[in-house]
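Subject: Structure handover

Hello,

Please find the structure below for your files. My notes on it come after.

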Protein chains: 2
Amino acid sequence: MRKILVIGAGKSTAVLIKYFQDKALTEQLHITIGDISLRHAENLAGNHSNSLAIQIDVFDKTSRENALKNSDIVVSMLPARFHIEVAKDCLRYGKHLVTASYVSSEMQELDDHVRQKGLLFMNEMGVDPGIDHMSAMKVIDNIRDQGGKIILFESFTGGLIAPESDTNLWNYKFTWNPRNVVIAGQGGAAKFLQEGTYKYIPYHKLFRRTEFLEVDGYGRFEAYANRNSLQYQSIYGLDDILTLYRGTIRRVGFSKAWNTFVQLGMTADDYILSNSENMSYRDFTNSFLAYSPTDSVELKLRHYLKIDQDDIMWDKLLELDMFNPDKKVGIPDATPAQILQKILIDKWSLSDGDKDMIVMYHKFGYELDGVRKQIDATMVSTGEDQTYTAMAKTVGLPVAMATLRILNQQITLTGVQIPIQKEVYDPILKELEAYDIRFTEIEREYMGYNPDGVKG
Amino acid sequence: MRKILVIGAGKSTAVLIKYFQDKALTEQLHITIGDISLRHAENLAGNHSNSLAIQIDVFDKTSRENALKNSDIVVSMLPARFHIEVAKDCLRYGKHLVTASYVSSEMQELDDHVRQKGLLFMNEMGVDPGIDHMSAMKVIDNIRDQGGKIILFESFTGGLIAPESDTNLWNYKFTWNPRNVVIAGQGGAAKFLQEGTYKYIPYHKLFRRTEFLEVDGYGRFEAYANRNSLQYQSIYGLDDILTLYRGTIRRVGFSKAWNTFVQLGMTADDYILSNSENMSYRDFTNSFLAYSPTDSVELKLRHYLKIDQDDIMWDKLLELDMFNPDKKVGIPDATPAQILQKILIDKWSLSDGDKDMIVMYHKFGYELDGVRKQIDATMVSTGEDQTYTAMAKTVGLPVAMATLRILNQQITLTGVQIPIQKEVYDPILKELEAYDIRFTEIEREYMGYNPDGVKG
């Protein structure tokens, strides 16, 4: 029996556990699921004979270590900030580790020690980061193997609502952490490369500088820039690239309407509104508008942001009920972002039967034998229900597959890693296809940063 | 002889020194001027018989203490962050202290000790803060003495260029620290009270939510909100007030044009532009605009910010030469704000003979015997030359006057103070009139927060 310890029984973990349980007999796996809530762990363990649910308090060294000592490999599905303590334990007791989170600087610092002990800490093994790395590096390595030179790489991912569950004017529901959606893009200007020039977008313009994307069978999407598109430039070996852009996908029109909140100041998370608890939704909206002895909150907002009454933007705001004088905020010492999140959760939460959808879109521009070419690779994954969501599948499956391959010594890397090597991405991308997570690659004319082919 | 030690020989100090020198004989004053640059100190001391220039390194304890021990009162005209060490020395050696700077929390913490020693540390004794406190409290106390209740207080100050030196389209030149102008309003939403409701303006909307002000003989001005209008609410005794707003005065049209920089992201000071040193002004402007294979930087900017070619806003941008491909930034690792500052200094620096102007405008709304009334108080002070600037006079004179009055025991307060008591503001406001710094008070109909008297 090989013993897998999974810490954290959150949203993405169900798919992961099921993958291990389905292979428990053939692969001789024993799965221990540890969570601060024993009930959550038990729900995931079910009555599967090779699964055990335990309570783990990740802040309690003894609790952590007892569970860990006994295992052959550890999967941490905890919130990212909690990984480091688990990682240190893994180093101490000589266990491999797999996470779906970004490599923190503290995690990176362990690299030498991890390598010396012959261990592998595989991070960024989910969807974004994760499947994005693997699917991009597959095409990039392939182009390079043919002698091509990458001149453009744009990569977009979005967690969205599936078309059949898309029932509001925003074409959006919360399929993941609402807070991350509300504060998305904050903390500094977005920086990227366009045709050799660094470009910067301040937060308050981020949602007005979108790009359009077309996905066969799914129609049109838009994307706004991530804060740092250059993060993986060196890691992917793209130091000489002309265009490098990473973005977040939404349905067309979302960003323009979201910009309303940004412009009003409703997404700010750096100060507290006085008397927030007793505010109505209408009061909240009115706090960002000048006082008027005569004009309604509605007209003030329309005038301030120049929204005509027959503009769909206006209907989107009305749909959120943000002018309601009777609905109370009810949160003491709340930031604008916390109140906006509450207003949105009222309307954007998933209903029973709603399905989510993950969309990923990569563009690769390259030069081969003096000719400029382009490959577009797209992936759409739709959830099955509210447990086997697209998000849970695309995060949980690659984590599970990597874990099993490390156990089976099919992945033999050491150190603190992310999945950019062929020995990792090739078999895992292939196995993901069996779960309907597959990329469609299209060769097309190279458009550079002039997708409409405009002439001067 | 009473010995005054003035530390820091910066811009505002000339007027201050001259005030003391003019009164040196009648008031028996000896003035020691200490600065890190002996030459600066000597320039101010001149050949006046009762003046001595010395070198003081404020970071050197011995240097500080030797100068200080010998004096009867200390005036610190150093940058605000350096006051605290001088203040601690004053406490140790039992000297009064006068500054023109905001009371820092460290300074406030000394209050008990200062009081116990029977000393007075008088801060915020310049123009803003300083004359604003004094002139406001005079009217507020007067209304209260008559039994009135203050329901509205709005207070605006601006450091501007005098009409006779107003020679650019922005109606603005740098009469004080350019950096403070470039980063003005950053660091969080502006918060104020309008008719009993807290209002918030995010930074990116600050320069679009201005108010107009009319000053007899000087025409129309505008003001944008300061970050925290509520800072003095309790100190002024205005806890029940309905409207409380503090703002910065500019000529009409400045803010709308300044908003161009904010929208582009050029005022950001929280990140560094790649390769800033070798950028041209045109490159800088272009970094905030999307790449285009066909369109000019000019057209991209006009389209992005919706500026027509016959809009004066456009001429304002052209006047700054920000599309020039030949002018180089030349600053390594510069933030956008640092580069913008350089571009502006090229055009907005004072020419020989240019005069500055300080404008202050207070509105007081109150209820007396069941009737609502309003008093507007305005002050305009114009500079004489580039030494006796309006800024140097309005900062230096009240500091000097307070210093002399403390020496003469006409001010007998103790502790860490700001000038809000009648014993301070009454004689000093009166004496300032002799230097042409005077407020004009007009009683007018109470407009509340409806200055145009609009009906619903």
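What follows is a short account of the strand pairing and helix packing.

Please bear in mind that this is a predicted model.

Chain B first. Its open sheet is built from 7 strands with parallel pairing, in the order β3-β2-β1-β4-β5-β6-β15. The edges are β3 (51–55) and β15 (415–417) of chain B, each of which pairs on one side only. From one strand to the next, the twist averages 20 degrees.

Within that order, strand β1 (residues 2–7) of chain B is joined to strand β4 (residues 73–76) of chain B by 4 bridges, in the parallel sense. In this part of the sheet, B:Ile4 has B:Ile73 of β4(B) opposite.

Two helices of chain B lie across these strands. Helix α5 (residues 83–93) of chain B lies across β1, β4, β5 (96–99) and β6 (120–122) of chain B, and runs at about 160 degrees to β5(B). Helix α15 (residues 390–407) of chain B lies across β1, β2 (29–35), β4, β5 and β6 of chain B; the angle between α15 and β4(B) is about 165 degrees.

Strand β2 (residues 29–35) of chain A runs parallel to strand β3 (residues 51–55) of chain A, with 5 bridges between them. A:Asp35 stands opposite A:Gln55 in β3(A). Together with helix α3 (residues 38–45) of chain A, β2(A) and β3(A) make a β-α-β unit, and this unit is right-handed.

Regards

Terms used: Residues numbered from 1 in each chain as written. Chains lettered and ligands numbered in written order. Predicted model: local features only at pLDDT ≥ 70, side-chain atom pairs only at ≥ 80, totals over all residues. Heavy atoms only, no water. Pairing = 2+ DSSP bridges. Right-handed = clockwise from strand over helix to strand, strands pointing away. Axes fitted to C-alpha atoms, helices over the stretch in contact; angles between N-to-C directions. Contact = heavy atoms within 4.5 Å.
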